[in-house]
Amino acid sequence: MTDVRVTYDKTVNAAYVHLTEPQARVQSARMYPCDPVDVDGMINLDFDEQGRLIGIEVLAASSKLPEYLLRSAERLDAEGA
């Protein structure tokens, strides 16, 4: 299984699941917000110019993602720095 890069900012409780090569600098061309009522929160899907899914932004991440994933994520907040 391929490793997936996950970043987490505990200060704002937001995580991002990167679905591209770690060294790739792919820009999001289109963002699709999932229905917050259906998913009970805010989850946004990012797509590149070719329509490929490149990342998933999860707000209120601590209530949506497994704790082990957030513990192992690359920290972006001051606590993780």
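This is a short tour of a predicted model, going from the whole chain to one residue.

**Stop 1: the whole chain.** Start with a cartoon view and colour by secondary structure. Followed along the sequence, they come in the order β-β-β-α-β-β-α-α-β.

**Stop 2: overall dimensions.** Keep the whole chain selected and show the C-alpha atoms. Along the principal axes, they fill a box of roughly 35 × 35 × 25 Å.

**Stop 3: surface and interior.** Of the 81 residues, 32% count as buried.

**Stop 4: charges.** Select the charged side chains next. There are 8 positive and 14 negative charges, and their mean positions lie 3 Å apart.

**Stop 5: Ile-54.** Select residues 53-59, which form strand 5, and pick out Ile-54 within this strand. Is Ile-54 buried or exposed? With a relative accessibility of 8%, Ile-54 counts as buried, because the cut-off is under 20%.

**Stop 6: around Ile-54.** Which residues touch Ile-54, beyond those within four places in sequence? Show Tyr-16, Val-17, His-18, Leu-19 and Thr-20, then Val-26, Gln-27 and Ser-28, and finally Asp-46, Phe-47 and Asp-48. To end, draw a distance between the C-alpha atoms of Ile-54 and Ser-28: they are separated by 7.5 Å, although the two residues are 26 apart along the chain. For the chain as a whole, among contacts between residues at least 6 apart in sequence, 47% join residues at least 24 apart.

Definitions and conventions:
Residues numbered from 1 in each chain as written. Predicted model: local features only at pLDDT ≥ 70, side-chain atom pairs only at ≥ 80, totals over all residues. Heavy atoms only, no water. Helix = DSSP H or I, 4+ residues; strand = E, 2+ residues; numbered from the N terminus. Buried < 20%, exposed > 50% of the residue type's maximum accessible area, 1.4 Å probe, protein only. Contact = heavy atoms within 4.5 Å. Lys, Arg positive; Asp, Glu negative; His and termini not counted. Charge placed at Lys NZ, Arg CZ, Asp CG, Glu CD.
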